[in-house]
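Let's take a walk through this fold, one side chain at a time. Have the model open and follow along.

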Amino acid sequence: MSSSGVAFQLLLLAFIAFTVSGVLKLNVTPIRGTYLNISSSQVKGCKVCAGTGHSRQCSHSLVTKDSTPVSMEFECSRPQDIFSVEIVRNIECTTKLCNGHIIQADSDSLPLLHFNRKFTWNLKASAPKAFKIDFNNFGVRQINPSERCPDRHSYTLQAFQATGNVAVGKYCRMGPIGSAQILNQGSFSLDVPEGQKLQNVQFDVSVGEEIKSLAKITLTLPKGTSSSELLSPNYPDSFPDGGVMEWYFQVPDKQKTAVQFLNLTQPRCLKKGTAVEYRSTGRGSSVRSLTDPQPDHIQGKFTMTLRNCERDRRSVGSAGLSVNFKVSSSSASSSVSCEVDMSKKDGLFLHIERLRSASGCKMKINSVPKEKITVASKSELTFQDCFPEDIEVTATRVIECTQLKDCSKKAAHLSVPALPPCLPAPLSSVMWTLRPPQGGTVELTSPTELLKQSLPGQQCNDSIIIKVAEVDGTTIGHFCPRGAIQKVQIHTNMAVTVSVTVSHVEGKALSTPSKYVLSAIFKEEISENYIFTVSPKRDTPVLLATPGWPEGMRSSTTVSWIVSVPLNMDAHLMFTNLSQPKCSTRHTRIRVQRVGLLEEDYSRREDDDAESEITVSSNFYLNMSNCQPKSGDFTVITKVTLQKSRLLTIILSVVVALLVIFVTVLVAVCVVIRKKKKKLNHQVSIYNPNGTSFLPGHNGFPKTREDNESHVYASIEDTLVYTDLLRKGAEMGVYGEFDTYRSFPGHTDSQKPLVCSDTDTDDMPVGAYQQFQAPPLPVRPPSHVQPLVDNVIYQAESEEDRSPNLGPRLEPEGGN
């Protein structure tokens, strides 16, 4: 036997004999990598002794060391009635390999056959991986812990957790379970009763997946009709609080599977709740309560996940979570009738198309056979032997208007409809075609969450992906929720396609609620091909890519981003992934211009060697325009990051410095005044050449008003001392002309966010919050009516801009 094989075989190197007194003597040497644990269930009575002479020790248990020979004696005639034997082997898996296999090997000549034996393999994988045990061709099946296996060989799986060991299950040979994975650490053990020969079997051990449950059991259901019973971990005791258990069912094609709960106890939960989730590849997921009807018509492979809550243990006799359920599969032909009503689905048409002509799927609408079905109102559909891979379900709607004055003033809701679960496959996508009138623009907004563009470093992980494209198929971008883009404006016909992952498993009560995705409305035309309104958030960088990325931007087109920057913040722009074409006509241009200013902060053509970074201190326009390329593409990703304003830091530093100077001068003046007061208190006699003498105490010379001491005080009020300094401070611009303290007024009007011209702010209190209103772009001719001259940003000549007001903005975070 190789050293890498994991065999449990005890070599008896010496003799086995019974003495006259009836004591059983054994000399045993465990093979390398294993150790022997002999223990008694009795506190008193028979003992096992090891060693000889002065080193002899007797106890109710004995543990041998790895490969160390040991001589032992049992002080009773039938030790097998009292002692049990456990033989342990450790297997450790690295990130790629495990250092052994599970090998069952025994011999009928070994006297230890007369003991109840337990063979245990402790297994460990490098976190966050699991170790995996493959049960080869015969497989295993789960039984109740109180049951026995027909061949008297019973297997037990345990998961080792920080909170304690969890019994994943007890199993017998020959069943549908093909493999088991345990997260990080656990054990696999085999119990064999006394006198039972050990069957020679090998199980493969390997590195498993990065699972998020304590264990994952994989079952392969046979063709035809079958059923299997499964139990929750620790059954019939409680599954651990917050625990997750996973079963994966491999089902043959053209078969349906049903899940039925036979026995269920539920805890009283403190946090969250118990739940069971069903997931199918390409069919989404469904989360149900344990008391809900479980699915009875699941088609194809699926995963079942059981989740426990945090149990309320304050209640006396509070039950835990335990589940006994049955999984049944059959290959019977199925016919499903499904009533679908699209009359209340916001004008959407439902399309069902058979994908594979070789499949046995047959479809009917109102009893008429069809290869393709379109549902516009209420219809009765029939599906015979149709599986998810056989058909595709989509929905479409066209929204158009010929005259802007006749267009609806109310935005259309682009939402994913809820469809009945009787359809053989879920809804894969919904497409809206939007056709504005001549001189009109399509405006898209997100009513619930701002959008983000799907880009490297800013990927979409949501169940909703929004593709925005022109009607000729030219992609503008892919978007999803939880971003910074508030509004998208496009001046041409376009299509919005939403790809969804809908919760859908065959069975009852699985309809998905309508998902509100976007709002669309037709507005007056814009001067660019595309305009994006962006509200970045503090500490969350925003990536903005040119339309069509990673493909190049269309020739002779322009795009603008209107970006709001909160007060006391700067926007740091970094132009990455920049690709410039070789132009045949005009130039590419990247420009940055602050709102309300004539000069540009940044300008770059394709033949310029300009900086790739810039910092902007207020709301700004980012404009890009493409030339007529001769070769190459124009693509840019702009990274916008908000940071604290450097100008604010400088201003605060100056104010602090002025205050320090002011305090220093004030202290010096006070010292001088006090010295002067002390001098005035000394009285002396004065000689007058005119013959008049003045004695001390007569207050000196007669005085005029200028020399009069009516304005000299024995003690001086502080406010009078500081008056001249305050007046000088006012002249310096540090203080206003007040004799009391007045709070700092904050930023000037030029620094405040722009608001609409008709907004009434006269009664607004000082320092009141004002919502940011997106300003119009500088006036320039519509890009699709009159060509731009060298792509110059035209400045507005009056406050009445021909571009439409872009509406209220969401105030960005982080400005306070």
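Is Ser 446 buried or exposed? With a relative accessible area of 12%, Ser 446 is buried; buried means under 20% relative accessible area, exposed over 50%, and partly exposed in between (1.4 Å probe, protein chains only). Before going on, some ground rules: this is a predicted model, where local features need pLDDT of at least 70 and side-chain atom pairs count only at pLDDT 80 or more, while totals for chains, interfaces and linings use all residues. Residues are numbered from 1 along each chain as its sequence is written, and side-chain values use heavy atoms, with hydrogens and water left out.

Back to Ser 446, which sits in the loop between β38 (440-445) and β39 (451-453); strands are DSSP runs (E, at least two residues), numbered from the N terminus. Setting aside neighbours within four places in sequence, Ser 446 is in contact with Leu 451, Gln 486, Val 517 and Leu 518, contact being heavy atoms within 4.5 Å.

Glu 449 is partly exposed, at 32% relative accessible area, and its side chain meets that of Arg 482 in a salt bridge (3.9 Å, N to O). The term means a side-chain nitrogen of Lys or Arg within 4 Å of a carboxyl oxygen of Asp or Glu.

Another one joins Asp 151 to Arg 173, with the closest N and O atoms 3.7 Å apart. Asp 151 is in the loop between β12 (140-143) and β13 (154-161) and Arg 173 is in strand β14 (residues 164-173), so this pair ties together parts 22 residues apart in sequence. Arg 173 also lies over the face of Phe 138, at 4.6 Å from the ring centre; the rule asks for NZ of Lys or CZ of Arg within 6 Å of the ring centre and within 35 degrees of the ring normal.

Phe 138 leads us to the rings: Trp 121, Phe 135, Phe 138, Tyr 155, Phe 188 and Phe 203 form one aromatic cluster. Rings of Phe, Tyr and Trp (its six-membered ring) pair if their centres lie within 6.5 Å, with planes under 30 degrees apart counted as stacked, over 60 as edge-to-face and the rest as tilted. The structure holds 16 aromatic pairs. For Phe 188 and Phe 203, the centres are 5.6 Å apart and the planes at 85°, so the pair is edge-to-face. Both Phe 188 and Phe 203 are buried.

Key
Helices (H or I, at least four residues) and strands (E, at least two) are DSSP runs, numbered from the N terminus.
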